[in-house]
Amino acid sequence: MRLTDRAIKALAMLIGAAAFALLLRSLIVREPLHGNWVMQVMMALAALTGCCWGEIRQRYTWVKPTRQLLDLLSKVKSSHAPIEELRSVGNELAPVAMAFRSLVIELREKDRQLAEIEAETHQRVAARTDALERALGGLRLQATRDSLTGLNNRRSLDEVLPELMLRARQADLDLSLLMIDVDNFKLLNDTRGHAAGDEMLKTIAQLIRSSIRDHDAAFRCGGDEFVIVLPD
């Protein structure tokens with residue numbers, strides 16, 4: 001309570017006490033009431049009003065505006081009211097409203113920055129995940145493909161052949177397997193060099209790819225050894 005309110009309340013209490021004292025004295029000594037008894041009652045009522053002055057002033061200065069401010073803050077927080085409505089708050093609560101407005105603006109800016117960071121992080125993670133999957137796919141391909149001819153390698157044959165045999169048994173289908181060994185390949189390497197031998201292997205692999213069906217599988221299993229698996 002401010003000093004002015006305290007002074008008014010104290011003065012009213014003094015006046016009221018004096019008025020009540022006069023009334024009480026008249027009643028105790030049984031003296032007839034004089035013409036100023038009306039004044040004494042009015043002074044007593046004034047004292048009572050003065051005693052309640054602080055509560056009345058507090059209600060209209062703080063309690064009611066505080067409730068209105070809290071209601072407005074709740075609406076602003078839930079986005080049911082624009083933040084600029086806090087500028088309409090007057091009286092002693094205006095600094096509180098402005099402080100809250102600044103705080104909300106700062107928090108919203110931080111939320112926006114956090115959302116941008118999260119979106120950027122998500123994009124980076126997605127890009128790196130995609131790059132990692134492509135790299136893993138390339139590694140898987142390298143692990144199952146012959147680097148020179150582009151055909152499947154011996155490791156791939158060891159993985160695929162048992163599965164194809166099982167399917168053929170279950171479906172009661174034929175399964176053919178061709179084994180190719182290039183004649184005199186060592187002589188070609190010795191006389192023309194390994195570059196000529198590599199070109200020969202690439203040519204043979206191309207001939208094999210162009211001759212088999214889509215569901216057939218061709219493998220290079222050694223230097224000059226090839227295997228072709230033909231289901232059904």
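Which residue forms a salt bridge with Lys 202? The partner is Glu 199, and the closest N and O atoms of the pair are 3.9 Å apart. A salt bridge here is a side-chain nitrogen of Lys or Arg within 4 Å of a carboxyl oxygen of Asp or Glu. The model is predicted: local features need pLDDT of at least 70, side-chain atom pairs count only at pLDDT 80 or more, and totals for chains, interfaces and linings use all residues. Residues are numbered from 1 along each chain as its sequence is written, and side-chain values use heavy atoms, with hydrogens and water left out.

**Helix α4**

- Helix α4 covers residues 154-171, and Ser 156 has its place there. Helices (H or I, at least four residues) and strands (E, at least two) are DSSP runs, numbered from the N terminus.
- The 18 residues of α4 should span 26 Å at 1.5 Å a residue, and this agrees with the end C-alpha atoms, which are 26 Å apart. The expected span is 1.5 Å times one less than the number of residues in the helix.
- At Val 160, shortly before the proline Pro 162, α4 has a kink of about 25°. The bend at a residue is the angle between axes fitted to the seven residues ending there and the seven starting there.
- Asn 153 caps the N-terminal end of α4, with a side-chain oxygen 3.3 Å from the backbone nitrogen of Arg 155. A polar contact is a pair of N or O atoms within 3.5 Å; within protein, one must be able to donate a hydrogen and the other to accept it, and residues adjacent in sequence count only if both atoms are side-chain atoms.
- After α4 comes Asp 172, whose phi is positive, near 55°.
- The buried residues of α4 are Ser 156, Leu 157, Leu 164 and Ala 168. Buried means under 20% relative accessible area, exposed over 50%, and partly exposed in between (1.4 Å probe, protein chains only).
- Ser 156 counts as buried because its relative accessibility is 6%. Leaving aside residues up to four places away in sequence, Ser 156 touches Thr 144 and Phe 219; contact means heavy atoms within 4.5 Å.

- Strand β3 (residues 225-231) is mostly covered, with six of its seven residues buried.
- Strand β1 (residues 175-181) pairs with β3 in the antiparallel sense over seven bridges. Two strands pair if DSSP finds at least two bridges between them.
- Met 179 has Val 227 in β3 as its bridge partner.
- Strand β2 (residues 217-220) also runs antiparallel to β3, and four bridges join the two. Ala 218 stands opposite Ile 228 in β3.
- The link from β2 to β3 is a hairpin through four residues.

**Arg 220**

- Arg 220 lies in strand β2. Its relative accessibility is 15%, so Arg 220 counts as buried.
- The side chain of Arg 220 reaches the backbone oxygen of Gly 223 at 3.1 Å.
- Arg 220 and Ser 156 are 64 residues apart in sequence, while their C-alpha atoms are 9.7 Å apart in space.

**Salt bridges**

- The structure holds ten salt bridges.
- Lys 202 and Glu 199, the pair in the opening question, both lie in helix α6 (residues 194-211), three residues apart, about one turn of the helix. Lys 202 is partly exposed, with a relative accessible area of 36%, and Glu 199 is partly exposed at 46%.
- Arg 154 and Asp 158 are four residues apart, about one turn of the helix.
- An α-helix has 3.6 residues a turn, so residues three or four places apart point the same way.
- Arg 154 counts as partly exposed at 48% relative accessibility, as does Asp 158 at 46%.
- The side chains of Arg 213 and Asp 216 meet in a salt bridge at 2.9 Å, N to O. Arg 213 is partly exposed at 36%, whereas Asp 216 is buried at 9%.
- Glu 109, Arg 112 and Glu 116 are linked in a network of salt bridges.
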